[in-house]
Amino acid sequence: LIRIGLLPLLSIFGVEDGVELKIKKRGALPGGGGEVQFLAPVVKSLKTINFVNAGRVKRIRGIAHAVRVSPQFSNRMVDASRSILNRFIPDIYIHSDVYKGDDSGKSPGYALSLLAETTEGALFYSEAVSVPRKEGSKQEEEKRRKKDRIFGEDREDEGPVPVTPEDVALRASRELLLEVQRGGCVDRKHQWIALLYMVLGSEDVGKIRMGPLTVRSIQFLRDLKETFGTSFKIVPAEENGDGELLLSCYGTGYTNISLVKTFSYASLVLLLTPIFKLITILIRPYFSPLRELRGPPGGSWITGHINDLNRSEKDRAECHLNWVKEYGHVYVYKSLLNGDRLTTTDPKALNHILANYMNYYKPVQLRLTVGQLIGEGLIFAEGAAHKRQRRVMNPSFSLGHIREMTELFFVKALEMRDALSANIEAGSSSTVNIIPFISRCTLDIIGLAGFNTDFNTVKNTNWERSEKQPETAAAKSGNQPEEATSDLADAFAKSFRTDQGYAMMQILLAWIPPLRSVLFLFDSTTRAAEDAQATMRRIGRRLVEERKRELGFLPQQTADERREDQDVNATRQGTGKDLLSLMIKANMSPDVSPEQRMTDAEVMHQIPTFMVAGHETTATGLVWALYSISLHPDVQSRLRTELYTLSSLTPTMDELNELSYFDAV
């Protein structure tokens, strides 16, 4: 790919002399073992190109290499390829390259690389590599096709993974013909390098003709705009064309200057950057689009109003409540480094922001904090990644699945009732703080509904561990079932402690990335969060693996592995209807293309995401609902009377829907 396809393309941008790739050893899948030596000159700048005429194909060159197999394999690939390509052009030369002994890699294999060159210097490249058939070859084929789609190549119509030399030659030849048919001056594999060199070229307008852009090229254009600030003008090459495009941009004039000048410029940048940042901080409030909105006065240039919010959890809530009363449902207060932070309680505004999540990205600093707390799940993801994860997860939250979980909601509600009764009987006070009971109840519910694991925190009134109390050795090793499942709940509770306030160390780590590798050593809160994340990852990984085994997506465990994972399995019932199992089924469905599926790591990160979505949010809503009902005894009495009409303590969803007053409340 590099020697035949990429290096000839460099000459178009003025990189010609001194570029060489020597193959010391030729490797093959799966063992590899190849060795190359790459030589490149120091190029001061890249030239601007105006490459809009592809011309006609004048010759085809190629290499058929064979590693640790019979030399006849390369000859068979040459003959099979020529039998196809000779129908279109006579000037074809394919070199046979055979590697044996010390010059070969660790695995046998063979491949064919082809390069078509036009009269105007346009280049079209194709390649096919053998993949020996073996047990699990369908998985190997899916991996290969996933890789093809990343490069923008849809090979669904080209049959199975090539096995024989003739299969390899057939695929490479057909792919080359398809590349020529798509048009343009470069093939699809090398669109990205041509676009990059156009951006790095001299300060002039460059233009190139390309075939239909791949998904990778489109994303690369976005990356170029974000990195260099350069946008491409894209227009159809012909009014009635077949998909060819003309892409043009203004080069950045990137120059490879001398080492001395590099150090001089770097020193100047290091000196001016903090000055520029300081000036930006000073003048930002006078140009902010939020400057006309009302908000609390004052605030430190360094910490803003964070000190006012950081005294205690109660002070933070009262502070925001007082601001809402004084300035209305939309106000602005000062954040770190004199930045404006917009706050709104307007339901319509909140609905607009949440409904248009593709337009309202979370700040980088907030994403860092979210990632530390719950990993890179749905709440962390943005843009296309968020859309992909949400598409896979949506079927798990269908109304039918939620209705099936109604019974376990009541089971845990009854456990909470019994725990409250025991607390009232044992206590001397007539007042009971219901918040921790509801919090533990919702945590147990999301454990069962989310991944079929009972934390059993409602019955365990001593569940909340002291922050300073370390995990036991048995819990760390995963040998005690009850402790292992509570470890997941403990880790989640430690990550979401609400009494920490806005720690200045956390703010510095979020806003100043270079400090993260240094201050991390001195920040106990960050270390505790990382320890909690490690626990959630450890248990979450086992939960995902176990679900995949139950659903048939992984081989069954050995006896030793089952003993090792008994901590995860001990408190499970194996219904297969929990959200994690449903999500894995949807993710592995044949209706979901491989590139749209979530990785195991992304699936694992959804576990704390489930806990966030179904734990404190639900508990907070229930607490406010009960508080509201307590203020209206008549409503409470009428509601209780209607609920007494139910014939069971665990009614179905249909029975609940028939309670009109309950539904109204």
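Which residues of α14 are buried? The legends below take up that point and others in a predicted model, in which local features need pLDDT of at least 70 and side-chain atom pairs count only at pLDDT 80 or more, while totals for chains, interfaces and linings use all residues. Residues are numbered from 1 along each chain as its sequence is written, and side-chain values use heavy atoms, with hydrogens and water left out.

**View 1. Helix α14 and its packing partners.** The buried residues of α14 are T406, K412, E415, M416, A419 and L420, where buried means under 20% relative accessible area with a 1.4 Å probe and protein chains only. These buried residues pack against α13 (399-404), α15 (435-451) and α27 (653-657), contact being heavy atoms within 4.5 Å. Helix α14 itself comprises 21 residues, 406-426, and spans 31 Å from its first C-alpha to its last, close to the 30 Å expected at 1.5 Å a residue; the expected span is 1.5 Å times one less than the number of residues. Helices (H or I, at least four residues) and strands (E, at least two) are DSSP runs, numbered from the N terminus.

**View 2. The open sheet β5-β4-β6-β7.** This sheet of 4 strands has mixed pairing, two strands being paired if DSSP finds at least two bridges between them. Because β5 (92-99) and β7 (123-129) stand at the edges with a single partner strand each, one side of each is left without a neighbour in the sheet. From one strand to the next the twist averages 15°, with axes fitted as lines to C-alpha atoms (for helices over the stretch in contact) and angles running from 0 to 180 degrees between N-to-C directions. Strand β4 (residues 57-67) pairs with β5 in the parallel sense over 8 bridges, and I63 stands opposite H95 in β5.

**View 3. Strand β10 and its two antiparallel pairings.** Strand β10 (residues 245-250) is largely enclosed by the rest of the structure, because 5 of its 6 residues are buried. Strand β8 (residues 205-210) is joined to β10 by 6 antiparallel bridges, I208 having L247 as its bridge partner. Strand β9 (residues 233-236) is joined to β10 by 4 bridges, also antiparallel, and there K233 is partnered by S248.

Conventions. Buried < 20%, exposed > 50% of the residue type's maximum accessible area, 1.4 Å probe, protein only.
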